[in-house]
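This report goes through one protein chain for a reader who has not seen it before. Please look at the sequence and the structure first.

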Amino acid sequence: MSLNVANGTTILSHKTHGFTPILEALAFAIHPGSSENTTTLCLIEGSLLVTSQNNLGFEGINITQIERKLAALRELVIARGTKEKKIGIWWDEQCVLSGQIGAQFTATGLPRAKQTILSSDKKINKIRKSIFTPMMNTIFDADPETMAELIKKLSREIQQIIVVMDEDIFRRAPDKTGFHGESRILRYIFIKWATSYIVTNSAAKGLRETLDKSRGDPEGAIRGRLITYMERKFVSRMRERGMIFGSSQGTCSGCCRALDICFAARGPAGNPFKQWLDPLDLSGSQGTTTFQAVVRQHALNLVLCDFDTSV
């Protein structure tokens, strides 16, 4: 099993929400890294989950900082000026990536090779043209008063900030190539949900007790039934919770599928995925290397406190 088939049938729904482009603009603004990593956000029931594939800590991030960024975007929306000028202002004044064009040194003061600079600049310019600008067009093409009110509403919705780190979702992180921000957040939410559900739901509790009595479940059959049950209940619950995602580099088609299964709102699909790992069982591919699902690598095992030490 994996999130790709967790509901037993392939039911997909690409949900959209007015908050999505705002979250994407916010992700660009708080992204502390380079073009080699991405900041992904998810709003769910008053919590803003923040994460990066490279396990960035987002030091100093808090609600006040988020409120200030959103206030700046709101002011820009209602300000006089052309759309193109406003997009340029947000890029130049709010986005870390803008300051990395042509940068001769790294953040730690080390010199950058010429080829590294050229390659980085090319990628940043592509991100700005194909992801950033279309997303900002969505914001500035809208009625200014309506968009300003929507930004204000989003600011009020955020009650807490949660930074998702490797230690929240792995005992020991594997090679994370292809394990994108959306997968990190979905895995985190699953672990938090399952921790409570497995002791309060009678069916899940019964399967867990059967597993405990199985003397290690050598064939993995009991664990597999428990995982299947928990995956399906998770998908059903997430479809009710109204998750809204936004990323600083768009959403690959693999992540789009996972989010669509959960009926989570997202932006348009980005590049077809060449490297993508399932948020729950880590199946997927890293380039030409394919990974099959391994029961003991499943996110549920962090809840069961009985998982493969290689994870």
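## Helix α7

Helix α7 covers residues 181-200, and its 20 residues should span 28 Å at 1.5 Å a residue; the end C-alpha atoms lie 29 Å apart, which agrees. The expected span is 1.5 Å times one less than the number of residues. Helices (H or I, at least four residues) and strands (E, at least two) are DSSP runs, numbered from the N terminus.

A kink of about 30 degrees is centred on Ala 194 in α7. The bend at a residue is the angle between axes fitted to the seven residues ending there and the seven starting there. Of the 20 residues in α7, 15 are buried, and the helix is mostly covered. Buried means under 20% relative accessible area, exposed over 50%, and partly exposed in between (1.4 Å probe, protein chains only).

## Source and confidence

This is a predicted model, in which local features need pLDDT of at least 70 and side-chain atom pairs count only at pLDDT 80 or more, while totals for chains, interfaces and linings use all residues. Residues are numbered from 1 along each chain as its sequence is written, and side-chain values use heavy atoms, with hydrogens and water left out.

The chain has a mean pLDDT of 87, and 91% of its residues reach 70 or more. pLDDT is the predictor's confidence in each residue, from 0 to 100. Over residues 5-9 the pLDDT stays under 50, and the model has 9 contacts for them beyond four places in sequence. Residues 306-311 also have pLDDT below 50, with 18 contacts in the model beyond near neighbours in sequence. A contact means heavy atoms within 4.5 Å.

## The sheet

An open sheet of 4 strands runs in the order β3-β2-β1-β4, with mixed pairing. β3 (160-164) and β4 stand at the edges with a single partner strand each, so one side of each has no neighbour in the sheet. On average, neighbouring strands of this sheet are turned by 20 degrees against each other, direction ignored. These angles use axes that are lines fitted to C-alpha atoms, for helices over the stretch in contact; in general they run from 0 to 180 degrees between N-to-C directions.

β1 pairs with β2 in the antiparallel sense over 6 bridges, and Leu 41 has Val 50 in β2 as its bridge partner. β1 also pairs with β4 (residues 244-247) in the antiparallel sense, over 4 bridges; here Thr 40 has Ser 247 as its bridge partner. Two strands pair if DSSP finds at least two bridges between them.

## Burial in the strands

In a regular strand the side chains alternate between the two faces of the sheet. Both faces of β1 are covered: Thr 39, Leu 41 and Leu 43 are buried on one side, and Thr 40, Cys 42 and Ile 44 on the other.

Ser 47 lies in β2 and is buried, with a relative accessible area of 9%. Beyond residues up to four places away in sequence, Ser 47 touches Cys 42, Gln 160 and Ile 162.

## Two residues with positive phi

Glu 45 lies in the loop between β1 (39-44) and β2 (47-52). In this hairpin, which has 2 residues between the strands, Glu 45 takes a positive phi near 50 degrees.

Phe 58 is found in the loop between β2 and α2 (63-78). Phe 58 is not a glycine, yet its phi is positive, at about 50 degrees. At 6% relative accessibility, Phe 58 counts as buried.
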